[in-house]
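Let's take a walk through a protein model, one piece at a time. Have the sequence and the 3D view ready.

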Amino acid sequence: MGTRSTIFIAAITLLCLLLFIGCSERKRPTEEAARSVIVFKHGKISGDPSIFRTILDRFESENPEISVREETLPASTDEQHQFYTLNLEGGASDFDVLSMDVIWVPEFARAGWIRDLSHLVSEQERSDFFPGPMEAVTYKGRMYAVPWYIDAGVLYYRKDFLDKYGFSPPRTWNGLVEAAQHITNREKDLYGYIWQGKQYEGLVCNVLEFFWGNGGDVLKEDRVVIDSRENMEAAAFMRNLIESGITPPLVTTAMEEPTRHIFGNGRALFMRNWPYVWNIYNAEGSPLRGRVGIAPLPSFPGKKPISTLGGWQLGVNRFSRNHEAAEKLVRFLSSPDVQKTAALTIGYKPTRRSVYQDAELRAMQPFIVSLHDIFMKARPRPVSPYYMMMTQVMQPEFSAIISGIRSPEAALASTRRQIEHILEADR
Amino acid sequence: MKRHNDGTPFIVPSLILIALITIYPAVYALYLSVHRKLPIFGISRFTGLDNYLFLVGDERFWNAFRNTLYFTVVSVTLELVLGLAIAVLLDKAFRMRGIVRAIVLVPWAIPTVVSAKMWEWMYNSDFGILNYLMGTDINWLGSPFWALNGAVFMDVWKTTPFVAILLMAGLQVIPRELYKAARVDGAGSLDIFRRITLPLLKPVILVVLTFRTLDAFRIFDAVYVLTGGGPANTTETLSIYAYKMLFQTLQFGYGSTLAIMVFLCVGMISLFYARLLRGGIAE
């Protein structure tokens with residue numbers, strides 16, 4: 001017994017030791033010791049990860065003194081936010097460059113976690129970037145991140161059905177309703193218009209597009225104007241879409257992917273989604289190939305259509321010990337040339353307008369170029385360090401409106417009171 | 001030599017350990033709960049009972065409280081009734097009893113997040129299997145009524161096996177002679193169940209209830225994955241609300257106030273059961 005347990009313990013100890021050695025970082029080759037290593041944290045890169053690596057390799061060959069290590073975070077945006085807040089609050093310096101969702105920059109800037117990068121982009125150069133992302137990375141007049149790639153909500157429609165019944169892509173919401181009613185009455189198993197209505201961030205993106213498309217907004221300067229007449233009308237319209245059957249009730253639990261599947265199975269006439277869906281529908285073997293069209297979202301009569309801005313921004317960790325190298329990488333990744341390469345290889349939409357004039361890009365990626373005007377009008381969600389709190393208030397109230405649990409008047413009035421309470425913290 | 005030296009010095013290390021890992025966080029949460037604290041913005045000020053006063057008028061808190069209470073009462077009741085029925089059935093000798101017992105345990109063995117994802121797909125109103133099998137067109141997770149009950153149903157599916165197994169263990173220690181004697185005296189099955197099985201099973205039932213009530217009251221993962229608290233917070237439980245305040249919006253002060261409320265409720269439930277248990281064992 002005694003010897004057996006001794007052997008057992010010895011074996012376990014050895015195993016632990018081996019694991020420990022196995023986990024400890026391998027020594028890099030000595031020739032690299034002279035180079036400074038910077039760590040770039042980002043979410044999942046779309047497509048083949050080795051393609052993005054070749055872009056970083058180019059940076060390394062242009063800057064032989066720097067080597068870049070990339071580290072991928074979990075796919076969910078919430079988890080990435082939690083990772084950054086916990087680590088940066090603790091002053092973590094083990095990463096230098098970070099990619100941020102468009103709604104985080106003011107929060108991180110206010111918390112003092114990211115470096116002021118105003119000096120990286122000259123005044124003149126700034127006008128080359130789309131206005132939406134520029135607004136989103138600016139806090140108190142200073143630039144805290146550089147827009148990396150851009151995204152915005154768009155309307156997908158079934159070209160074949162619209163052609164068959166003689167409709168053109170709708171410019172107003174009433175036009176969409178009219179087309180949807182006409183066509184779904186004549187086609188079997190076809191939903192009119194689907195969008196994302198589960199209680200989550202995507203719902204806020206959808207609702208704000210209706211608000212903005214009716215001339216409304218959440219904040220005006222420092223005032224909370226979310227319970228304006230324009231917003232109430234827009235919210236009531238959304239609820240009405242569901243009650244009138246244009247939109248099936250299932251949207252109140254839907255996120256992007258379920259709606260993509262339903263539209264992709266040919267079960268819907270119109271869909272609001274992000275541009276990533278386009279390539280999936282037009283891939284080899286997709287049943288919808290060549291039968292889908294894309295257009296700016298409709299608006300209410302006499303108002304301009306405005307999409308919710310998405311996309312990611314590059315920032316530099318305030319606690320980075322190597323911020324000069326980190327800033328070089330940010331400059332490199334956001335340069336026109338590299339943005340063009342990323343657009344051609346992994347489909348990341350450039351944040352610089354001049355790239356859209358490039359002849360090669362126009363020839364190879366006409367779809368990306370066609371989104372230029374939509375990106376010009378894309379608007380960021382309220383640019384405030386308190387946005388994460390505000391969205392926690394908006395999500396359930398918006399969900400209540402579209403599920404018919406509360407009236408737009410009651411829900412939006414309560415939203416205004418709660419947001420005002422949040423903003424008091426800073427006064 | 002003092003042989004009856006009290007053991008205090010010997011338990012001091014463990015007391016310190018317990019204090020460090022349980023009392024310190026609890027006291028710190030209490031401390032946070034009387035502050036307006038947004039650490040990332042460097043905002044931290046003592047606000048006395050402001051958070052608690054806000055909580056009393058916070059409709060979202062009461063909503064979460066009601067949801068949690070409903071979830072707890074309904075799910076625990078169903079789990080107990082079904083678990084008892086299954087336990088009584090499995091206690092009978094029949095062929096392949098071992099295999100059936102193992103199969104019954106399967107739902108409990110699947111990690112909650114995985115089964116919640118699974119149920120989310122089954123509940124989908126467009127391509128979910130539930131509507132397909134029943135021929136219905138119900139927006140399960142989208143309607144306030146069905147969403148919360150859907151979460152209850154999933155929890156019952158998942159946790160009934162746990163209840164059944166514990167109760168089965170309780171059944172097995174009841175002496176078989178009592179049943180035989182009752183039969184000889186001419187008692188019917190229902191009488192035997194009411195007058196022998198139930199009273200002798202009472203201590204086990206109380207233990208099961210304690211476990212299940214406390215777990216159900218703190219429910220988080222299943223509901224969070226299933227609905228995220230929606231639609232319109234109709235499935236938001238106290239733990240989900242506290243999580244959102246603490247970790248998504250980083251309001252450590254008010255988030256802690258919510259956590260303290262959960263703690264108080266759970267404490268009261270524990271005391272209540274502890275009392276019943278003491279009575280049950282003294283009987």
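How far apart are the end C-alpha atoms of helix α18 (residues 387-402) of chain A? Read on for the answer, after a quick note on the model.

## Before we start

This is a predicted model, where local features need pLDDT of at least 70, side-chain atom pairs count only at pLDDT 80 or more, and totals for chains, interfaces and linings use all residues. Residues are numbered from 1 along each chain as its sequence is written, while chains are lettered from A and ligands numbered from 1 in the order in which they are written.

## A helix in chain A

The end C-alpha atoms of α18(A) are 22 Å apart. That agrees with expectation, because 16 residues at 1.5 Å a residue should span 22 Å (the expected span is 1.5 Å times one less than the number of residues). Helices here are DSSP runs of H or I with at least four residues, strands are runs of E with at least two, and both are numbered from the N terminus.

Is α18(A) enclosed or open to the outside? Of its 16 residues, 16 are buried, so the helix is largely enclosed by the rest of the structure. A residue is buried if 20 or more other C-beta atoms lie within 10 Å of its own, exposed if 12 or fewer, and partly exposed in between, with C-beta atoms placed from the backbone. After α18(A) comes G404(A), which has a positive phi, near 75°.

## Strands in chain A

Now for an open sheet of 4 strands: its order is β8-β11-β7-β12 in chain A, and the pairing is mixed. Two strands count as paired if DSSP finds at least two bridges between them. β8 (191-194) and β12 (292-295) of chain A are the edge strands, each pairing on one side only. From one strand to the next, the twist averages 15° (axes are lines fitted to C-alpha atoms, and angles run from 0 to 180 degrees between N-to-C directions). β8(A) runs parallel to strand β11 (residues 268-273) of chain A, joined by 3 bridges. On that pair, I194(A) has M271(A) as its bridge partner in β11(A).

Next, take strand β3 (residues 97-101) of chain A: 4 of its 5 residues are buried, so this strand is largely enclosed by the rest of the structure. Which strands does it pair with? Strand β1 (residues 36-42) of chain A pairs with β3(A) in the parallel sense over 2 bridges, and K41(A) has L98(A) as its bridge partner. Strand β13 (residues 309-316) of chain A runs antiparallel to β3(A), with 5 bridges between them. There, D101(A) stands opposite W312(A).

## Over to chain B

Chain B has 12 helices and 2 strands. Its radius of gyration is 24 Å, well over the 19 Å that the globule rule gives for 283 residues, so chain B is more spread out than a compact globule. That radius is taken over C-alpha atoms, and the rule is 2.2 Å times the number of residues to the power 0.38. The C-alpha trace of chain B spans about 80 × 75 × 30 Å along its principal axes, and 32% of the 283 residues are buried.

I205(B) counts as partly exposed because it has 19 C-beta neighbours inside 10 Å.

## Where the chains meet

The contact takes 24 residues from chain B and 26 residues from chain A; two residues are in contact if their C-beta atoms, placed from the backbone, lie within 7 Å. On chain B's side, helix α11 (residues 238-248) gives the most, with 3 residues.
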